[in-house]
Amino acid sequence: KITVVHWGVNPKLIPSYVDVKTIRKKLGLPDFRIILSIGHLGPIKGHDDSIAALSLVKQYFPGAKLYIAGDGTKEDIERLHGKIEKLKLQDSVILLGQITNALEWMQACDIFLQPSLEEAFGLVFLEAGLCRKPSVATKVGGIPEIIVDGEDGYLVEPHEPEKLAERIISIFSSDDKLREMGDSAFHRVEQNFLLSDQIDKLESYFKLISQHKSENS
């Protein structure tokens, strides 16, 4: 007797067609493989593992870059910069800080990466799907309710940067797979996570509760 009503996204936020080269030019991005992460810089979001994974990805895709958007404490920033310097990724990992145009960045990237150690639901994965981007993430919290492993992205266990790298390399190695997974992510969001549909579900639930109370009053 449990009804799950997820959060949802508004598809009108995304234009029906976006030219990736145009949006990258607007953001001043290179024409390389781009991985994007969005989330505060605390350890719980797994950015340390993302950086470690990129060092492995670059063995196969030397031009790949990781952009991490989000704010954090001074200690968080110093921790991540230390990781970047240790792996000699100063030219490949960019901390963007807090951004206000997240959907533009989502449209510009190739893969959305968020190997969180904990995650309640993760609206950002819906936004990635809405932008036709496959996600590589972890099997924690509500993430497996959004991403179907092997169809619209990949899921691994937390603290496994080697597995993250394997999945990213697999997607980057095939333009067809990149496109197909992105399309699958879009259709999954469209069929299951539109905000209008979730509102309808919630209203139906309240009507059912109201009817039940009336019958028993």
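**Contacts, strands and a cavity in a predicted model**

Setting aside neighbours within four places in sequence, A53 is in contact with P161, L164 and A165, where contact means heavy atoms within 4.5 Å. The model is a predicted one, so local features need pLDDT of at least 70 and side-chain atom pairs count only at pLDDT 80 or more, while totals for chains, interfaces and linings use all residues. Residues are numbered from 1 along each chain as its sequence is written, and side-chain values use heavy atoms, with hydrogens and water left out.

Back to A53, which is found in helix 2 (residues 47-57). Helices here are DSSP runs of H or I with at least four residues, strands are runs of E with at least two, and both are numbered from the N terminus. A53 counts as buried because its relative accessibility is 0%; the cut-offs are under 20% relative accessible area for buried, over 50% for exposed, and partly exposed in between, with a 1.4 Å probe and protein chains only. A53 and I169 sit 116 residues apart in sequence, yet their C-alpha atoms are 10.0 Å apart in space.

Next come the strands. In strand 4 (residues 111-114), I111 and L113 point one way, F112 and Q114 point the other way, and all are buried. Strand 4 pairs with strand 1 (residues 34-38) in the parallel sense over two bridges; to count as a pair, two strands need at least two bridges found by DSSP. Here L36 has F112 in strand 4 as its bridge partner. Strand 4 also pairs with strand 5 (residues 135-138), again in the parallel sense, over three bridges, and L113 has V136 in strand 5 as its bridge partner. Strand 4, helix 5 and strand 5 together make a right-handed β-α-β unit: with the strands pointing away from the viewer, the path from the first strand over the helix to the second runs clockwise.

Finally, there is the cavity. A cavity is a set of points on a 1 Å grid over the protein atoms alone where a 1.4 Å probe fits but cannot get out, and lining residues have an atom within 4 Å of a point. The count comes to one cavity of 30 Å³ or more, and the largest cavity has a volume of about 60 Å³, a volume being the space filled by probe spheres set on the points. Its lining includes F125, K133, D152 and R188. Helix 5 (123-130) and helix 8 (175-192) each supply at least two lining residues, with helix 8 giving the most, three residues.

Technical notes. On a 1 Å grid over the protein atoms alone, a cavity is a set of points where a 1.4 Å probe fits but cannot get out, and a pocket is an open set with protein on both sides within 12 Å along at least five of seven lines; lining residues have an atom within 4 Å of a point.
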